[in-house]
Amino acid sequence: MAVVSTEATPVATESDIVAVRRLVRETAAKLGFSLVDQTKVVTAASELARNTLIHGNGGEMELITLNGPRVGLRLKFHDHGPGIRDIQLALRDGFTTGSGLGLGLGGAKRLVNEFEIDSQVGQGTTVTVTRWK
Amino acid sequence: MERIPILRMGEYLLVTIQVDMHDRLAMTLQDDLTNRISETSAKGVLIDISSLEIVDSFIGRMLGNIASMSRVLDADTVVVGMRPAVAITLVELGMSLTGVRTALNVDAGMDLLRNSLDARKDALYGSRIH
């Protein structure tokens with residue numbers, strides 16, 4: 001799998017969530033994603049960036065462009081927060097430890113083609129999602 | 001502080017969201033609208049989201065909250081202009097905006113608010129003779 005480019009961007013403030021959305025939108029458009037696919041991957045990025053900020057106490061997003069054999073966009077959200085104790089529970093719709101609706105993680109999973117969580121309690125969480133063109 | 005303008009037109013309040021909202025701006029809009037409904041005794045709120053490129057769970061929740069709060073304050077809310085790609089994504093995300101009335105565009109949304117207000121007045125004062 002050919003990685004064309006990698007770019008890291010901070011997720012430390014609410015404005016960073018907006019910046020993440022813009023960056024993901026621009027990149028997906030550049031890769032030739034359809035409007036619906038752009039909207040899905042940007043929405044997933046928005047949910048995951050908010051999780052990184054609120055539950056992970058901030059972190060960063062790595063944006064990886066894949067080209068060959070398939071064109072795709074991979075996003076890695078990484079934080080050094082408290083980690084997720086029960087990933088299955090966290091993925092369930094309606095489960096929340098914050099004040100949200102509990103749709104963030106499970107909803108983001110439905111909007112992408114590949115979804116992976118690596119979380120260590122006390123160490124942090126990395127969520128990696130991929131959307132293929 | 002950055003704010004989204006709320007316009008008053010007769011018994012209605014109109015909001016056009018034209019920026020990519022960060023979460024605090026969305027919360028501010030929710031508070032501002034609730035206050036304006038109470039101050040102006042508005043009977044309807046129209047929110048135009050045709051400029052929004054995405055609606056995530058946070059913004060979706062804000063729209064639901066505005067609809068609930070305005071209902072408690074005796075006003076109807078209608079959300080207009082949602083882009084098709086946004087609608088597809090929102091449903092896949094798991095949000096169907098239950099309790100939020102929608103219309104395709106501003107005209108249809110205003111019709112909905114007017115009809116709803118007329119129906120309420122009729123119920124209150126009895127049918128008018130035309």
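First, the conventions. Residues are numbered from 1 along each chain as its sequence is written, with chains lettered from A and ligands numbered from 1 in the order in which they are written. Because the model is predicted, local features need pLDDT of at least 70 and side-chain atom pairs count only at pLDDT 80 or more, while totals for chains, interfaces and linings use all residues; side-chain values use heavy atoms, with hydrogens and water left out.

Chain A, then. Its open sheet has five strands in the order β1-β2-β3-β5-β4, with antiparallel pairing. Strands here are DSSP E runs of at least two residues, and helices are H or I runs of at least four, numbered from the N terminus; two strands pair if DSSP finds at least two bridges between them. The edges are β1 (3-11) and β4 (114-120) of chain A, each pairing on one side only. On average, neighbouring strands of this sheet are turned by 15° against each other, direction ignored. Angles come from lines fitted to C-alpha atoms, for helices over the stretch in contact, and run from 0 to 180 degrees between N-to-C directions.

In chain A, β2 (59-66) and β3 (72-79) run antiparallel and are joined by eight bridges. Within chain A, A:T65 stands opposite A:L73 in β3(A). Helix α1 (14-30) of chain A packs on the sheet, touching β1, β2 and β3 of chain A, at about 0° to β2(A). Contact means heavy atoms within 4.5 Å. Helix α2(A) lies across β1, β2, β3 and β5 (124-132) of chain A, at about 10° to β3(A).

Now chain B. This chain also has an open sheet of five strands, in the order β1-β2-β3-β4-β5, with mixed pairing. Its edge strands are β1 (6-9) and β5 (101-103) of chain B. The parallel part includes β4 (76-80) of chain B and β5(B), paired over three bridges, with B:V78 opposite B:R101. Helix α2 (57-72) of chain B touches β3 (44-48) and β4 of chain B, making about 155° with β4(B).

Last, which residues line the largest cavity? They are A:R25, A:L35, A:T39, B:E53, B:R83, B:A85 and B:V86. A cavity is a set of points on a 1 Å grid over the protein atoms alone where a 1.4 Å probe fits but cannot get out, and lining residues have an atom within 4 Å of a point. The largest cavity has a volume of about 40 Å³, a volume being the space filled by probe spheres set on the points, which are joined across faces, edges and corners.

Technical notes
1 Å grid on protein atoms, 1.4 Å probe; cavity = no way out; pocket = protein on both sides within 12 Å on 5 of 7 lines; lining within 4 Å.
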